[in-house]
Structures are given as C-alpha cells and as structure tokens.
Amino acid sequence: MIVCMYIKKVTRHNKNSDKTYEYLHLVENIRTPEGPRQRLILNLGKLDVSPDLYKELANCIDGILQGQTSLFSHDPRIELLARQAARKIIEKKSMAEQAPERQAEFLPIDIASIEASDTRTTGPEHVCHSIWQELGLSEKLLELGVSAHVIPTMEMLVIGRMVSPGRELHTYKWAQSNSAIYELTGSPLKSSLNSLYRAGDLLFKNKDALETHLSVRERDIFSLQEKLCFFDLTNTYFEGEALANSRAKHGRSKEKRSDCKLITLAMIIDSDGFAKYSHVFEGNKNEASTLATMIEALEKSRPDLSKDRTIIMDAGIATAANLAYL
C-alpha cells in the first residue's frame, strides 16, 4: 500500500540552451538509514493542474489504488487524471513482480462479488493478434532489422486500424484508454503519439518486403490458386495543400473532389481477394501507364507469378499498347 504520497513540481534545465522544463512528480516519503527521503512513484509529465489541486489529485490516486468505491473527486478531470496515473502505477508494479516462471494458482471466486473498473476490450484484439502470429509478422520484422521494442507499437497500429479505424491520435487514445492490446503484444519501450508516427513510417519503409512475405504466407495457409490477377486503381484526396507530398497532384477524383490534390493507389489482387502488390502513384498519373510498372514490380517480388497467369483489368487500362505488352 502506498501512503503519504503527494505531488511536487520539478524543474529541469537544458544544458545546451536556456530553456527550462517543468514536470509533476508523484512521490512518497520513506525512511532510510541516512534519514527520511523522497521516492519517485510516477512521473506525471506536464499536467495542466493548478497547485491547489495537487493534494486532491494525490488523494484521488491513493483512493483508487486502495480500492475505495466512493466518489474520488468532484472534479471529473481530476478523477480521469488519477485513473490514468493509477493504471500506470499498477502496470509498473505488475511488470516488476512478474516472475520468469510462475505456477498457476486456481481459487474459487464468487463472481457476484466482482466489480469491474477501467474495463477494456480484448476479443477482436485477440483474433487479430492470433492472425498476426500465424502470419509470422513479428519474425519477419525482426529479420528486416526492426527492433523488438518497436514491434508491439507496430502491431498495435495495424490492429487498431482493423478494430477501431482512425488516424494515429485516435489509435493512440484507443490503445491507452479502451483496449487491452498491450496485454497481448507486450508493452512497448516507449508509448507516445510520436512513437506511432515513427512506427507507421517504418512499416511503410518495409512495405514491399512485408507484402511479398504476406503474399507467400497467405498462399501457403489458404492454398491459393493465384491463376487470376485483378488490377485496378483508385484515388483519394487531401483537404490541405499537401505541399510536402511530392505525389499529391491535381487530377480526376473518383470521389468528385478534383478541387483537391490527389494520390493514386494501384493494387493487384487474386481471385480470392488477397493482395499481391500495391503502389502509390501521383494523383495525376495516367492509369493506362501504370500497368507495366505494376506487373514488373510483381514479377520482381514474386517470380513464380510471372507465367501462366490471367490479368483482368477495366477498359480504361486495356489499351492496345498494354494488350501488346502483356
């Protein structure tokens, strides 16, 4: 049990500049042979909390950790911050107490006496995690030189897109507050919004190698025939100016948003709907001119698909030049 905890503000100075940074620390007083000392329980970071609420926040955290069922705080924001801090303390303590090998222990429990708090979803995540494992994605990422510490964030990012689609900020909040995904993938070395952006960049950097791996692995798992290859393109638009994106160009939008810059996605799939290869082109790319690029890239990644295959495409791509090329 944690007692006599309180919050204090800590100021740090950057040695290479004149900047100073302020953080809130949750600490407790402990007795040592050298006398009373402060022990850091949790770094709360840069919380926008008034100093006159420090005591209330610390008491609220303490109450949650001790299992109190009464109202912790009249301020909903203070209670939310306290629950987030308490969850981190519990996770930190749980990781410290985990033994390499532990005997299973079974006890009778009166389920009518159980109360749930900080509930999270795990069903869809478990299904996706099982598929991730069967596809051998973690092993492939390690083979590609990705750090094992980053893989939980990558898996969370991919599964989050399937379970609760949204941008990175939405996925980050989903993993932090609504999902038990890290209980399946393991905790990442660092959990921050920026770590999601970096993980996404790293996934895209290894896109071709991952697509080839998935194409072969899915073929083996599902005994795919791969006799037919369907090729088509679509595009999507940016509402901003996308000045830093060299592929964002004005073109004919399939969503009737030709006023915006576009990018074009080309994809080859088999008759069962499994992707074989994909590529992102400029938004103003002529669709007919993309076929040779896609076929040659597919042959390079999957040489076994270079013969005895039927390519199906729409009339806009089936030009005389493309038919002659095929």
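Helices H6 and H8 cross in a right-handed manner; a crossing is right-handed if the near helix is turned clockwise from the far one by less than a right angle, and left-handed if anticlockwise. The model is predicted, so local features need pLDDT of at least 70 and side-chain atom pairs pLDDT 80 or more, while totals for chains, interfaces and linings use all residues. Residues are numbered from 1 along each chain as its sequence is written, and side-chain values use heavy atoms, without hydrogens and water.

**Helix pairs**

Helices (H or I, at least four residues) and strands (E, at least two) are DSSP runs numbered from the N terminus. Axes are lines fitted to C-alpha atoms, for helices over the stretch in contact, with angles from 0 to 180 degrees between N-to-C directions.

| Pair | Residues | Angle | Axes |
|---|---|---|---|
| H6 and H8 | 168–177 and 193–205 | about 120° | 9 Å apart |
| H3 and H5 | 123–134 and 151–163 | roughly 125° | within 10 Å |

H6 and H8 are therefore oblique to each other, and H3 and H5 are likewise oblique. Angles under 35 degrees count as roughly parallel, over 145 as roughly antiparallel, 65 to 115 as roughly perpendicular and the rest as oblique.

From H6, Glu168, Leu169, Thr171 and Tyr172 meet Leu193, Leu196 and Tyr197 of H8. That contact has 5 nonpolar, 1 polar and 1 charged residues. Here Ala, Val, Leu, Ile, Met, Phe, Trp, Tyr, Cys and Pro count as nonpolar, Asp, Glu, Lys and Arg as charged, and the others, Gly among them, as polar.

H3 also passes H5 in a right-handed crossing. The H3 residues that meet H5 include Cys128, His129 and Trp132, and their H5 partners include Met154, Val158 and Met162. The contact of H3 with H5 divides into 9 nonpolar, 1 polar and 2 charged residues.

**Cores**

A nonpolar core is a set of buried Ala, Val, Leu, Ile, Met, Phe, Trp, Tyr and Cys residues joined through side-chain atoms within 4.5 Å. Buried means under 20% relative accessible area, exposed over 50% and partly exposed in between (1.4 Å probe, protein chains only). The largest such core has 20 residues, and Leu26 is one of those with the most contacts inside it. Strands E1, E2 and E3 and helices H1 and H2 each give two or more residues to this core. A second, separate core of 19 residues includes Leu141, Ile159, Tyr182 and Ala199.

Beyond four places in sequence, Leu26 has contacts (heavy atoms within 4.5 Å) that include Ile7, Leu42, Ile61 and Ile89.

**Positive phi**

Most residues other than glycine have a negative phi. Ala242 has a phi near 50° and is found in the loop between E4 and E5. Lys256 has a phi of about 60°, lies in the loop between E5 and E6, and is exposed at a relative accessible area of 70%.
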